[in-house]
Amino acid sequence: MARLHTLRSPLSILDTRTGKALAPVASEQDRKRRFDETRGSARQRGYDRDWEKLRDTVVIERGCRCEAAGCGTVVVLRKREATALTPVAHVDHIESIADRPDLRLERSNLRVLCEPCHNARTARDQGFARG
Ligand SMILES: [Zn+2]
């Protein structure tokens with residue numbers, strides 16, 4: 001886990017005042033397009049092209065493994081590639097987008113989960129929310 005942490009920081013470019021984060025591998029063109037797109041309402045929806053790219057990048061950076069305590073299951077990026085032993089990855093917002101929209105593209109607020117761990121977390125959160 002400590003090793004993953006050291007990999008993360010030099011790669012991320014983040015303006016915490018605007019909440020805009022850029023994927024580390026972006027070309028100049030991608031970067032410009034991303035800025036243009038994130039100005040509008042797309043980013044308020046929570047899941048846009050920025051998110052799709054960041055999600056994939058984060059899963060790969062963290063070694064395609066579930067980060068839930070005691071899990072470590074190997075995950076794949078696409079549902080169509082998933083098997084019983086290698087479930088699809090879900091990138092979870094530790095602080096929800098509703099609570100902290102400014103942390104939506106903040107790597108430190110993201111956690112890679114395998115599908116079973118993600119489903120367990122979602123069920124638990126919804127249970128708390130109802131109570
Ligand atoms: Zn897991």
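**The whole chain**

Begin with the complete chain of this predicted model. Residues 24 or more positions apart account for 50% of its contacts with a separation of 6 or more, where a contact means heavy atoms within 4.5 Å. Of the 131 residues, 37% count as buried; buried means under 20% relative accessible area, exposed over 50%, and partly exposed in between, with a 1.4 Å probe and protein chains only.

Residues are numbered from 1 along each chain as its sequence is written. As the model is predicted, local features need pLDDT of at least 70 and side-chain atom pairs count only at pLDDT 80 or more, whereas totals for chains, interfaces and linings use all residues; side-chain values use heavy atoms, with hydrogens and water left out.

Now colour by secondary structure. Helices (H or I, at least four residues) and strands (E, at least two) are DSSP runs, numbered from the N terminus.

**Colouring by confidence**

Next, colour by pLDDT, the predictor's confidence in each residue, from 0 to 100. The chain has a mean pLDDT of 80, and 69% of its residues reach 70 or more. Where pLDDT is low, the predicted coordinates should not be read in detail.

**The zinc ion**

Select the zinc ion. Which residues are its protein donors? They are Cys-66, Cys-71, Cys-114 and Cys-117, each through SG, lying 2.2 to 2.3 Å from the ion. Donors are N, O and S atoms within 2.8 Å of the metal (3.2 Å for Na, K and Ca); water is not among the atoms, so sites may look incomplete.

The angles among the four donor atoms are 104 to 116°, and the site is tetrahedral; four donors count as such if all angles lie between 85 and 135 degrees. In sequence, the donor residues are spaced C-x4-C-x42-C-x2-C. Cys-71 lies in the loop between helix 4 (49–61) and strand 3 (89–93), and Cys-114 in strand 4 (residues 110–114), so the pair ties together parts that are 43 residues apart in sequence. Display the surface to contrast the two: Cys-71 is partly exposed, with a relative accessible area of 30%, whereas Cys-114 is buried at 2%.

**The loop between helix 4 and strand 3**

Select Cys-64, which is placed in this loop. Its phi is near 55°, a positive value in a residue other than glycine. Cys-64 is partly exposed, at 24% relative accessibility.

Move to Arg-65, found in the loop between helix 4 and strand 3 and partly exposed, with a relative accessible area of 44%. Arg-65 and Cys-114 are 49 residues apart in sequence and 7.5 Å apart in space, C-alpha to C-alpha. Leaving aside residues up to four places away in sequence, Arg-65 touches Gly-72, Thr-73, Val-74, Val-75 and Val-112.

Then select Val-75, also in the loop between helix 4 and strand 3. Is Val-75 buried or exposed? At 3% relative accessibility, Val-75 counts as buried. Beyond four places in sequence, its contacts include Val-59, Arg-65, Cys-66, Val-112 and Cys-114.

**Strands 3 and 4**

Select both strands together. They run antiparallel and are joined by five bridges; two strands pair if DSSP finds at least two bridges between them. Asp-92 has Arg-111 of strand 4 as its bridge partner, and His-93 stands opposite Leu-110 in strand 4.

On strand 3, Ala-89, Val-91 and His-93 point one way and His-90 and Asp-92 the other, and all are buried. In strand 4, four of the five residues are buried, so this strand is largely enclosed by the rest of the structure.

**The nonpolar core**

Finish with the largest nonpolar core, which has 15 residues; those with the most contacts inside it are Val-58, Val-59, Val-75, Val-91, Leu-110 and Val-112. Helix 4, strand 3 and strand 4 are the elements that give two or more residues to this core. Such a core is a set of buried Ala, Val, Leu, Ile, Met, Phe, Trp, Tyr and Cys residues joined through side-chain atoms within 4.5 Å.

Centre the view on Val-58. Not counting residues up to four places away in sequence, Val-58 touches Val-91, Arg-107, Leu-110 and Val-112.

Key
Tetrahedral: all angles 85-135°; square planar, octahedral: opposite > 155°, others 65-115°.
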